[in-house]
Amino acid sequence: MKILILYSTRDGQTKKIANFIAREFVEDAAVQSLYEVSESTLCEAEKILIGASIRYGHFDRRLYDFIEKHTALLNAKPCAFFGVNLTARKSGKDTPETNVYVRKFLQRISWKPYLCAVFAGALFYPRYSFFDRTMIRFIMKTTGGETDPSKEIEYTNWENVKKFAEQLKR
């Protein structure tokens, strides 16, 4: 396989973005959960892309564990990263340099991806538990976002995802 696309997702949007990127590749691309990938699959990949989502201001702890365990391998191959969060729905908070979550993440880890991106995620109020729906509505209210609990909104800019995929092909 030419590129292995790994994802860590809470509600499925990061997986959807990973699959979209895979379809943009003419070459061989495989999409797999970050938490189910085997050591041999990692070693066989020519390129590795990791995508992960934010919930309540944090990436999943297992993402950090994975990177810590595989830092040497990741730094030895062409690797890229994309973060997915609702903050990125706002202009000026949608790049690795301007998105506080991705910026802090990249500072905290010893893996150095050659290419990074940030994409806005999706808001799926009807699918959330009562607690998550309440908390996310509160966060969205304080940040000027959608608060109608009956709505599902996809903020992902697919054109930006396509441009990122094009960069990965180089």
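This is a predicted model: local features need pLDDT of at least 70, side-chain atom pairs count only at pLDDT 80 or more; totals for chains, interfaces and linings use all residues.
Local features need pLDDT of at least 70, side-chain atom pairs count only at pLDDT 80 or more, and totals for chains, interfaces and linings use all residues. Residues are numbered from 1 along each chain as its sequence is written, and side-chain values use heavy atoms, without hydrogens or water.

**View 1. A nonpolar patch on the surface.** Tyr56, Phe131, Met135, Phe138 and Ile139 make up the patch. Together they have about 480 Å² of accessible area (Shrake-Rupley method, 1.4 Å probe, only the protein chains shown as cover). Patch residues have over 30% relative accessible area and no salt bridge, with nonpolar side chains joined within 5 Å; a salt bridge puts a Lys or Arg side-chain nitrogen within 4 Å of an Asp or Glu carboxyl oxygen. Phenylalanine 138 lies in helix H5 (residues 130-142) (a DSSP run of H or I, at least four residues). Its relative accessible area is 53%, so Phenylalanine 138 is exposed (over 50%).

**View 2. The largest pocket.** Its volume is about 510 Å³. The lining has 28 residues, with Ile54, Tyr56, Asn85, Leu86 and Thr87 nearest the centre. By class, 12 are nonpolar, 10 polar and 6 charged. A pocket is an open set of points on a 1 Å grid where a 1.4 Å probe fits, with protein on both sides within 12 Å along at least five of seven lines; lining residues have an atom within 4 Å of a point.

**View 3. The second largest pocket.** Its volume is about 250 Å³. Of 16 lining residues, Asp94, Val118, Phe119, Asn157 and Asn160 are closest to the centre. Strand E6 (115-120) gives the most, with 5 residues (strands: DSSP E runs of at least two).

Conventions. Patches are made of residues with over 30% relative accessible area and no salt bridge: like charges are joined within 9 Å, nonpolar side chains (Val, Leu, Ile, Met, Phe, Trp, Tyr) within 5 Å. Buried means under 20% relative accessible area, exposed over 50%, partly exposed in between (1.4 Å probe, protein chains only). Grid points are joined across faces, edges and corners, and a volume is the space filled by probe spheres set on the points. Ala, Val, Leu, Ile, Met, Phe, Trp, Tyr, Cys and Pro count as nonpolar, Asp, Glu, Lys and Arg as charged, and the others, Gly among them, as polar.
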